[in-house]
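Subject: Structure handover

Dear colleague,

Please find the structure below, followed by notes on what was found in it. I would be glad if you read the notes with the coordinates open.

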Amino acid sequence: MPTTSTDLIAQLERLGGEFAAAIAPLADEQSIRAAQAQYLGKKGQVSDVMKELGRLPPAERPLVGQAANKVKDTIALAVEERLGALAAGRRAADLARAVDLTLPGRPVGGGHLHLLTQVRLELVEIFAEIGFAVAEGPQVETDWHTFEALAIPKDHPARDMQDTFYVADEIVLRTHTSPVQLRTRQTHTPPRRIVAPGVVYRRDDDATHSPMFTQIEGLVVDEGVRVSDLKGVLLHFVNRFYARLTGGAGLDVRLRPSYFPFVEPGVEIDMSCGFCRGAGCRLCKGSGWIEIGGAGMVDPDVFAQVGIDSERYTGFAFGMGIERMAMLRHGVNDIKYYYEGDLRFLDQF
Ligand code: DAH
């Protein structure tokens, strides 16, 4: 049967009419585009019709071409309309969904000071209440300030107590905050009441020791300073710092004779155990007392090193480990927790 232009135009118009119905049930862009390709693509139905074009007399071909263009436009329009309708449907559904604008927002996690920083600031405050100022010294320190001037010469056995990191021949990472005692005495004349919190270093590493840790040093130099003043200051400190632990019961301080080369007499500071109230527990190893640091009356020889007249002035000094104090108060059982940066630990404080 010979193909006529009327036939072809009719076929094309039928395809145009069919298309809208074909995509009406389709609900996503991907299947609509697939249907579009089925009609308009190289192997699509419109192309199939156009393949017949060659069999028409040339004069009739433009008419069919126009009809084909019209079908393409019709199909393109139908695609746009269908996609538009789908988008409008989604928008309407979004708007119809109940949104409770009064719900509180999700909290944004905030940071806070590290436990050790909190404790250090608290210590400074506790000592400030009784007239202490804050002093600082370098962490990379001379051997002289760290040892020699504190009556710990090179061959002194006390050097073994503090395994030292050497930076150079006469330069060390300070092993304690005691050199700050000398630095303040070099720059300030008595009377003087300072605390020096800061980082110190020792070649030491286990559950209660870290190669880097923090200490707080105290120093009072004035006329007529006595051991009882030292004890009074320490009583103030332990009772403020551990107040929450004892529920107001009050802690006692005991000075146990000991030896540090730069003080005479030298003592070990014990506080009564606030955990068992003296009954004996794991923390005080059953003794009822917990050691928290060292102290003593400044040795006149040390005063002489920095030109302070020991006939006129006396003084006391003390040194304590901040990690240990916080471990006791907050029940931290490994010093590493402080430095690992694990939020599960840090967030508790
Ligand atoms: N510097 C000592 C240490 O780190 C602690 C110490 C003991 C400090 C006695 C003092 C003191 O000021 O008088 O082991």
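The secondary structure of the protein comes to 12 helices and 10 strands, where helices (H or I, at least four residues) and strands (E, at least two) are DSSP runs numbered from the N terminus. The radius of gyration, taken over C-alpha atoms, is 43 Å, well over the 20 Å that the globule rule gives for 349 residues, so the protein is more spread out than a compact globule; that rule is 2.2 Å times the number of residues to the power 0.38. Along the principal axes, the C-alpha atoms fill a box of roughly 135 × 50 × 35 Å.

This is a predicted model, in which local features need pLDDT of at least 70 and side-chain atom pairs count only at pLDDT 80 or more, while totals for chains, interfaces and linings use all residues. Residues are numbered from 1 along each chain as its sequence is written, and side-chain values use heavy atoms, with hydrogens and water left out.

Polar contacts (pairs of N or O atoms within 3.5 Å) to oxygen atoms of the ligand include a polar side-chain atom of Arg-202 at 2.8 Å, a polar side-chain atom of Gln-215 at 2.9 Å, and a polar backbone atom of Phe-318 at 3.3 Å. Taken alone the ligand exposes 350 Å², of which the protein buries 93%, by the Shrake-Rupley method with a 1.4 Å probe.

Most residues other than glycine have a negative phi, and most peptide bonds are trans. A cis peptide bond, with omega about 0°, joins Pro-190 and Pro-191, the latter placed in the loop between helix H7 (179–187) and strand E5 (192–201). Another cis bond, again with omega about 0°, joins Glu-264 and Pro-265, and Pro-265 lies in strand E8 (residues 263–272).

Terms used
Polar contact = N/O pair within 3.5 Å; in protein donor to acceptor, adjacent residues only side chain to side chain.
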